[in-house]
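Dear colleague,

Here is the structure I said I would pass on. My notes on it follow below.

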Amino acid sequence: MNGISIENTDDLEIKYNIEYCNKILYKKFNFHHVENICWINNGYEEHCYEYCYKCAEKELEKSTSVTKSVNRNFKKRGLDTFELPFLDGGWDGAGSDCGGQDGPVHCEECGITLDYSLSSSGVMEECWHFLKYGLEKINDEVAFELYSIFESCSYNEYNVEDWKKLGRLAKIVLEKLGEIISSNTEVIDLD
Ligand SMILES: [Zn+2]
């Protein structure tokens, strides 16, 4: 990728604001509403839905009974049967093992927020969204979205313009939270 990582950006204000912003968000807000990502592995298809643990267990039951019934059928016809599905994920940081996401991830069944990490383009997509529509009120849910942007961006590389946008967003968040910011972050044009 043609870009620079946050360690190598020579704009120390941007780096400061982004890192400080993430620390503050983590400290000030409660992310207990966020659950680890789970999914069902069932041998014959790639996992494509994400669930919270509770819903994943229910989903596993359904998926198991479907597989069993398919297997009974296949057995009768002398065909190879499928392995039974199992529940996967569920550990801390499982979301980052799923590859980066393009936006926030919610449980497919109950809609609860899951612990995701954003892809490189997902970071900029989310950043653009907040810069464009602004920040009304930062509650736990919004704070987690912002936190994910700043957390995920540290794993990726971006060009100077994108770092400026991320720095600008960090500055807006810090201002909103009444925190001391490193000033001089240049105001950038969104379009
Ligand atoms: Zn759920």
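**Helix H2**

The buried residues of H2 pack against E1 and strand E2 (86-89). Those buried residues of H2 are Ala56, Glu59 and Leu60. Please keep in mind throughout that this is a predicted model. H2 is 24 residues long and spans 34 Å from first to last C-alpha, close to the 34 Å expected at 1.5 Å a residue. Just after H2 comes Gly78, with a positive phi of about 75°.

**The chain as a whole**

The chain holds six helices and two strands, in the order α-β-α-β-α-α-α-α from the N terminus. It has 191 residues, of which 29% count as buried. Of the contacts between residues at least 6 apart in sequence, 65% join residues at least 24 apart.

**The core**

The largest nonpolar core comprises 32 residues. Ile18, Cys21, Ala56, Ile149, Phe150, Leu166 and Ala170 have the most contacts inside this core. Two or more residues each come from helix H1 (12-28), strand E1 (38-41), helix H2 (53-76), helix H4 (120-133), helix H5 (140-153) and helix H6 (160-176).

Leaving out residues up to four places away in sequence, Ile18 touches Ile6, Phe150, Cys153, Leu166, Gly167 and Ala170.

**Helix H5**

H5 has 14 residues, and its first and last C-alpha atoms are 20 Å apart, close to the 20 Å expected at 1.5 Å a residue. Its buried residues are Phe144, Leu146, Tyr147, Ser148, Ile149, Phe150, Ser152 and Cys153. H1, H4 and H6 are among the elements that cover them.

**Phe31**

Phe31 sits in the loop between H1 and E1. Why is Phe31 classed as partly exposed? There are 15 other C-beta atoms within 10 Å of Phe31, and the partly exposed class applies because this count falls between the limits of 12 or fewer for exposed and 20 or more for buried. Apart from neighbours within four places in sequence, Phe31 is in contact with Asp140 and Phe144, and Phe144 is one of the buried residues of H5. Phe31 is also 8.4 Å from Ala143, C-alpha to C-alpha, with 112 residues separating the two in sequence.

Regards

How values were computed. Residues are numbered from 1 along each chain as its sequence is written. This is a predicted model: local features need pLDDT of at least 70, side-chain atom pairs count only at pLDDT 80 or more; totals for chains, interfaces and linings use all residues. A nonpolar core is a set of buried Ala, Val, Leu, Ile, Met, Phe, Trp, Tyr and Cys residues joined through C-beta atoms within 7 Å. Helices (H or I, at least four residues) and strands (E, at least two) are DSSP runs, numbered from the N terminus. Two residues are in contact if their C-beta atoms, placed from the backbone, lie within 7 Å. The expected span of a helix is 1.5 Å times one less than its number of residues.
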